[in-house]
Amino acid sequence: MDLSDLNSADMQRFYSEEQQRAMINEMVAKMTSECWDKCITGTPGNKFSSSETNCLTHCAQRYMEMSMLIMKRFQSMQ
């Protein structure tokens with residue numbers, strides 16, 4: 001994509017989309033780090049144990065639910 005060909009509206013949309021991607025990447029990185037630290041207590045092998053798998057699944061679900069709740073709360077405050 002040649003950015004010099006973009007008009008102002010296109011540039012704003014591009015910038016907004018890039019900001020959203022960066023926020024999602026940051027959220028995934030934080031979730032991964034927090035859930036890993038919480039759920040993987042030993043040295044990981046070739047596979048996760050069933051308890052590790054369940055913990056990771058539930059941790060990720062809770063993280064996403066809380067993130068959505070917080071975003072909705074901030075939106076309602078505006």
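**Stop one: charged pairs along a helix**

In this predicted model, begin by selecting E26, which is partly exposed with a relative accessible area of 44%. Because they are 4 residues apart in helix α1, K30 and E26 are separated by about one helical turn.

Next select E18 and R21, whose side chains meet in a salt bridge at 2.5 Å, N to O; both lie in helix α1, 3 residues apart. Then move to D10 and R13, where the salt bridge spans 2.7 Å from N to O, and where D10 has a relative accessibility of 24% while that of R13 is 48%. The count of salt bridges comes to 3.

**Stop two: the core**

Now select M31, C35, C39, I40, L56, C59 and Y63, the 7 residues of the largest nonpolar core. The elements that give two or more residues to this core are α1 (8-39) and α2. Centre the view on C35, which, leaving aside its neighbours within four places in sequence, is in contact with I40, L56, C59 and A60.

**Stop three: a nonpolar surface patch**

Finally, select M66, L69, I70, F74 and M77, which make a nonpolar surface patch of about 540 Å². Is M77, one of these residues, buried or exposed? M77, which belongs to helix α2 (residues 50-77), counts as exposed because its relative accessibility is 57%, and the cut-off for exposed is over 50%.

Notes:
Residues numbered from 1 in each chain as written. Predicted model: local features only at pLDDT ≥ 70, side-chain atom pairs only at ≥ 80, totals over all residues. Heavy atoms only, no water. Patch = residues over 30% accessible without salt bridge, like charges linked within 9 Å, V, L, I, M, F, W, Y side chains within 5 Å. Areas by Shrake-Rupley, 256 points an atom, 1.4 Å probe, with all protein chains shown as cover. Salt bridge = Lys/Arg side-chain N within 4 Å of Asp/Glu carboxyl O. Buried < 20%, exposed > 50% of the residue type's maximum accessible area, 1.4 Å probe, protein only. Core = buried A, V, L, I, M, F, W, Y, C linked by side-chain atoms within 4.5 Å. Contact = heavy atoms within 4.5 Å.
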